[in-house]
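Thanks, everyone. Let me put the structure up, and then we'll walk through it piece by piece.

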Amino acid sequence: LIEDNIDISIEGPEIGCAEDDGVISVINNDGGNLSYLWTPENGIVGSNTGAEITVNVDEDTEFMVTVTNEDTGCTVDTSFLLMISMVSAEIEADPAEVFQCNVTEIGVVDEDPNWTYNWNTGATTPSFTTDTLLTSTTFSVTVTDENGCTAEASLNVNVLEPQCDETDVFFPNAFTPNGDNMNDILKVESNFLKSLDLRIYTRWGELVFSTTDPDDGWDGTYKGKELAPDVYAFTIKATCSNNEDFMQQGNVVLIR
C-alpha cells in the first residue's frame with residue numbers, strides 16, 4: 001500500500017487458533033519515520049502502538065491500523081482480517097455411569113472427519129467402546145483441526161464396583177411359571193457376573209436344570225414337562241467382575 005508517501009504492507013496468519021496468540025505486522029517498505037495505532041484494543045495483547053502487535057481473539061476479527069508519517073503528518077489506514085478456526089472438543093459417554101466391566105461408548109460430540117483425535121487411552125478415532133473398566137476413569141482427548149488448531153476435553157466415567165455378596169448377586173426364593181409373563185423365569189440377577197454355575201435339584205437330589213449363562217434361567221420344566229409345585233434346592237457358584245467368588249445354596253419354591 002503506497003499513499004501520501006507512506007509505503008507499507010501488512011502481514012499476519014491467514015487463519016489463527018481461537019484464544020491462541022498471533023502476530024500481525026506492518027512492514028515499513030521505505031524506512032520512513034512511522035507511528036502506528038491499532039484497534040480494537042480488546043483483541044490486542046499488550047501495546048497497540050507498535051509496528052507489530054500480538055492478538056488473541058476467539059472469533060473472526062478485523063484489526064485496523066492508522067499509520068502516520070511523523071515527518072510529514074500524513075496518515076494512511078489499512079486493515080487485516082484475522083480468520084479464526086473454531087475447533088472444539090466435548091466428550092460424552094453412553095452410559096456415563098457403568099457397572100464394572102460393562103460396555104460403555106466414549107466419543108467426541110459433533111465429530112469432524114477432517115480433524116484428528118488423540119485420546120489418553122491411545123485411541124485415535126472420534127469414538128470407541130470399552131468393557132474393561134474396573135474403577136472410575138477419566139478420559140481425555142486432544143482434537144486437532146486441518147489448520148493445526150487444537151482443543152482439549154476430559155470426562156470422568158463412574159464405575160460401580162461390586163461387593164460380590166447377596167446385594168450384588170440376587171436369587172429369588174420363589175417363582176411362578178404360569179405363563180403370565182410375571183416371575184415366570186428363575187434366574188440369577190446381577191450386573192457384575194463374570195462367570196456363573198447355577199444348578200437346581202429336586203428334593204431327592206435329581207438335577208433338573210443347570211446353566212453357565214448369566215442370561216439364562218429356569219422355566220420350571222424338566223425334559224419338556226412342567227414340574228409340580230414344590231421346594232427345589234439350588235447351588236450358585238459365581239465370579240464377579242472384580243474376580244471375587246460368590247457361593248450360595250438354599251431352597252426355592254415353585255408356585256403354580
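Ground rules before the details. This is a predicted model, where local features need pLDDT of at least 70, side-chain atom pairs count only at pLDDT 80 or more, and totals for chains, interfaces and linings use all residues. Residues are numbered from 1 along each chain as its sequence is written, and side-chain values use heavy atoms, with hydrogens and water left out.

Start with Q248. Q248 sits in strand 23, residues 245-254. Strands here are DSSP runs of E, at least two residues, numbered from the N terminus. Is Q248 buried or exposed? Buried, because its relative accessibility is 18%. The cut-offs are these: buried is under 20% relative accessible area, exposed is over 50%, and partly exposed is in between, with a 1.4 Å probe and protein chains only.

What does the Q248 side chain pair with? The side chain of E166, through a polar contact of 3.4 Å. A polar contact means a pair of N or O atoms within 3.5 Å; within protein, one must be able to donate a hydrogen and the other to accept it, and residues adjacent in sequence count only if both atoms are side-chain atoms. Setting aside neighbours within four places in sequence, Q248 touches E166, F171, F234, T235 and I236. Contact here means heavy atoms within 4.5 Å.

Now the disulfides. There are two in the structure. The criterion is a pair of cysteine sulfur atoms within 2.5 Å. Counting bonded cysteines along the chain, the pattern is 1-2, 3-4.

Take C17 and C149. Their sulfur atoms are 2.0 Å apart. The link is left-handed, with -85° about the S-S bond. C17 lies in strand 3, residues 15-17, and C149 in the loop between strand 15 and strand 16 (150-160), so the pair ties together parts that are 132 residues apart in sequence. C17 counts as buried, at 18% relative accessibility. C149 is buried too, at 2%.

C149 also brings in T144. T144 lies in strand 15, residues 137-144. Leaving out neighbours within four places in sequence, T144 is in contact with W115, T116, C149 and T150. T144 and Y117 are 27 residues apart in sequence, yet 6.6 Å apart in space, C-alpha to C-alpha.

On to the other link, C164 to C240. The S to S distance is 2.1 Å. This link is right-handed, with 85° about the S-S bond. C164 lies in the loop between strand 16 and strand 17 (174-175), while C240 belongs to strand 22 (residues 230-240), so the pair ties together parts that are 76 residues apart in sequence. C164 is buried at 7% relative accessibility. C240 is buried at 0%.

What about C101? C101 is in no disulfide; the nearest cysteine sulfur belongs to C240 and is 11 Å away. C101 counts as partly exposed, at 31% relative accessibility. C74 also counts as partly exposed, at 24%.

Next, the backbone. Where are the cis peptide bonds? One joins T39 and P40, with omega about 0°. P40 is in the loop between strand 5 (34-39) and strand 6 (44-45). Another runs from D94 to P95, with omega near -5°. P95 is in the loop between strand 10 (91-94) and strand 11 (97-99).

Positive phi values next. E19 is not a glycine, yet its phi is near 65°. E19 sits in the loop between strand 3 and strand 4 (22-28). E19 is exposed, at 56% relative accessible area. N183 is not a glycine either, and its phi is about 60°. N183 lies in the loop between strand 17 and strand 18 (193-201). N183 is partly exposed, at 42%.

Last item: the largest pocket. How many residues line the largest pocket? There are 14, and S190, N191, L193, P214 and D215 lie nearest its centre. For the pocket search, a 1 Å grid is laid over the protein atoms alone; a pocket is an open set of points where a 1.4 Å probe fits, with protein on both sides within 12 Å along at least five of seven lines, and lining residues have an atom within 4 Å of a point. By class, the lining has five nonpolar, five polar and four charged residues. Asp, Glu, Lys and Arg count as charged; Ala, Val, Leu, Ile, Met, Phe, Trp, Tyr, Cys and Pro as nonpolar; the others, Gly among them, as polar.

How values were computed: Helices (H or I, at least four residues) and strands (E, at least two) are DSSP runs, numbered from the N terminus.
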